[in-house]
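Here is a walk through a protein and its ligand. Look first at the ligand, then at the residues around it.

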Amino acid sequence: MYKGIAVSPGVVVGVAYCLDGPLGQSEVRKLPDEAAIPEELERFDRALRLAAEDLDLIVAKVAVQIGGEESDIFRSHLQILRDPSLLAKVHEGIKGARLTAPSALQAVLKEYASVFARSGQELFQERMADLRDVFARITAHLDASPAVDPALAGLGSDEPIVLVTHEILPSQAISLGEMPIAGIVTEVGGGTSHAAILSRSRGIPAVSGAAGIIGQARTGDQIVIDGRDGIVVLRPDAEMLVAYRKMQRDFFELKDRLVINRDQPACLSDGTLVELLANVNTVADAATASGVGASGVGLYRTEYLFLTHPDVPDEEEQYENYRKVVEAAPDRTATIRTLDLGGDKTVPYLGRQHEANPFMGWRSIRLSFEHPKFFEVQIRAILRAARHGKVSILFPMITTLEELRHVNRLVDEARRNLKRAGIPYGEDVKTGVMIEVPAAALCIEALLQETDFISIGSNDLIQYLVAADRDNPKVAHLCDPLSPAVLRMLRMVFDACRRTGTPVTLCGEMAGQPRSVLVLLGLGLRRFSMSPAFVPTIKTLLSSVSTPQAERFTHQVLQLKTRDEIRRYLTERLHEISKDLELFDFT
Ligand code: PEP
Ligand code: MG
C-alpha cells in the first residue's frame, strides 16, 4: 500500500499499465524474427526523414515568427538527428539485438544519458532535454498511434487501465487524455501538477507522490486507487478488493446521479445565484463543460495548444483554435488566458535556459514580454476569435502595476493594428489579470483601478505565499488552501473587489473542493472556475447550503489558528450537509 497525495477523487479498481520516462514504454521489445528486421530498419529511416522534415519547417517558422537565435535550438536538433553515429547505433540495435525501433532508440538514449552524466550537471541537463526532444519527435513518427496503445491492447483485460508512471510531462498530458485510462498514479507531482489537472479534467481518480511504486508495480498487476485519501494498493487481497469495488460502484453511481442537475441553475438554498465556470485545456474540454452544466469557460489554458503543436502555431492556427473553444464553450462564453509557459511547461522555441528556480524565474507573462512579436500574435488571435462569442483575455502572473499597464498598452496597440489593417475583431473584450503572486494580492487596490476583472490563481498564489513548490510532494502539506494565511489573503482580495465592484473569479483547484467552496462562499465569492468534472458536485453542494450558513462557517474558520483545526471543522460541517459529497472531497 502506498500513501501519496490525493489529487482527483474517486475509487478505481483496475490493472496497472507501467510507463517509465517521457518516451513511454520501459519494457524492451524484440522483433518476432530475423525476417522483420529490414522492415523495421525502413520504419526507423522513414521516421528519421519525417522528423527532419518537421525540423526544417520549424527552423524556418521560428526564425520568422520569433527570431534567429531561437531557431538555432532546432538547428542543433537537426544536427543531433543527422549524426551518423545515432543512425548507426539504432540500426545496430535493430539488426544486432533484434530490438524494435522504439526500444533501440530508447537504448541509445540511455547510453547517451550515461555519457552526458559524466560531463557535468548543467550541460548534462540541457543536452539531455534536447536529446529527449529529438528522440520523442522520432518516436512520434514511428507509431501512428501513441506509444501507450499497443501495450494497452496487449493487456488483454476488461478491467479498467490504471496508468502508473514516474511523472506526466505537459506534452504527454493531452495525448494521454485521449486514451482509455481510468486512473493515474505518479511518483512525483503535487496536487496541481499536469497529471492532476489532466485527471481532474477527465474526472478520473488519481494519486501522485506514490514514491517507489515504479520499482514494485508490473504491467498487468491488479491495482486500486483511492483518489480521495491518496491511497494506492498494489495486488490487493480479496477482502480489500470487495470493499474497494463497492466504493467504486458507489462513486460512479453518484457521479451519474449528480450530472442530472446539468440544466438547473447554480444557486444556494436561499436562492443566491453562483456562477460555475469550467477550466479547460482543449476544445474537447470546452464541449465537456457544456455537457456538465457549466455556464461558461472561466479559464482556457492556451499553453496546451503550444505544448502539443508540432511546431509554432501561427496567428491563423491560434485564431482557429480559440474560435473553436469559444464556439464549444457554454453560452459561447470564454476567458482565454495568454501563454503561461515556463516553470514546468517549456517549449524549446521560446528559449530554454537552465534556471535554478524555474517557478520563480522566467515564466508566464515574463516570457511573453520578452517575445513581443509572438505575444502580439496571440493577443490578435484572441481579439479576432472574440467576434464569435463573449470573450475575455486573462493575463497570468501579473506581479506589478507596471506590468498591468504594459499589457493594457499591448492590447490597445493590437486593437489599433487590427483596425488599421481592416481585420475584424471583437469590440467588447474585457481584460483581466490573474492574482497568483502575493505581491499583486497585497497591492490589489491599485491593480483593480486599471483592470476589468480579476481571476485568482490559487494554485500559484498558495505556492508563492507559503514558499513551497506546488509540485513537490515533500512539501505538499504546506500548499494547503485551508490554511489561515491563505484564507486571510483571499479575504483581503475579495474585500477589495467588493469595495470597487470588480468581478472576481477563483480558478485554482480549490474552486472544485467541497470544503474549500464552503469557506469561499462565506468569504463572498460567487464565481468559481473548476475542472468540468466537478461542476455537478459543486452545484449539488450549493443547493444544500444557505448564504447565512456559509457565512457562519467562515466566521468560525477565521477564528481558528491551524490548518488542522480548520480542516476538522469543515469536515464535520460537510458531513452534516451531505455524506455523499464527502466522496468528492480531496487533498
Ligand atoms: C492557478 O495558478 O491557480 C491557475 C489556475 O493556473 P495554473 O494552474 O495553470 O498555473
Ligand atoms: Mg497559475
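An oxygen atom of ligand 1 is 3.4 Å from a polar backbone atom of G457. That is a polar contact (a pair of N or O atoms within 3.5 Å; within protein, one must be able to donate a hydrogen and the other to accept it, and residues adjacent in sequence count only if both atoms are side-chain atoms). A backbone N or O atom of N459 lies 2.8 Å from an oxygen atom of the ligand. The side chain of E436 also takes part: one of its N or O atoms is 3.0 Å from a ligand oxygen. Taken alone, ligand 1 exposes 280 Å², and the protein buries 99% of that (accessible areas come from the Shrake-Rupley method with a 1.4 Å probe).

This is a predicted model: local features need pLDDT of at least 70, side-chain atom pairs count only at pLDDT 80 or more, and totals for chains, interfaces and linings use all residues. Residues are numbered from 1 along each chain as its sequence is written, chains are lettered from A and ligands numbered from 1 in the order in which they are written, and side-chain values use heavy atoms, with hydrogens and water left out.

Which residues come nearest to ligand 1? Of the 14 around it, they are R301, R337, G457, N459 and R470. A residue counts as near if one of its heavy atoms lies within 4 Å. The shell divides into three nonpolar, four polar and seven charged residues. Here Asp, Glu, Lys and Arg count as charged, Ala, Val, Leu, Ile, Met, Phe, Trp, Tyr, Cys and Pro as nonpolar, and the others, Gly among them, as polar.

Strand β10 (297–301) and helix α19 (458–466) each supply at least two shell residues. The largest share, three residues, comes from α19. Helices (H or I, at least four residues) and strands (E, at least two) are DSSP runs, numbered from the N terminus.
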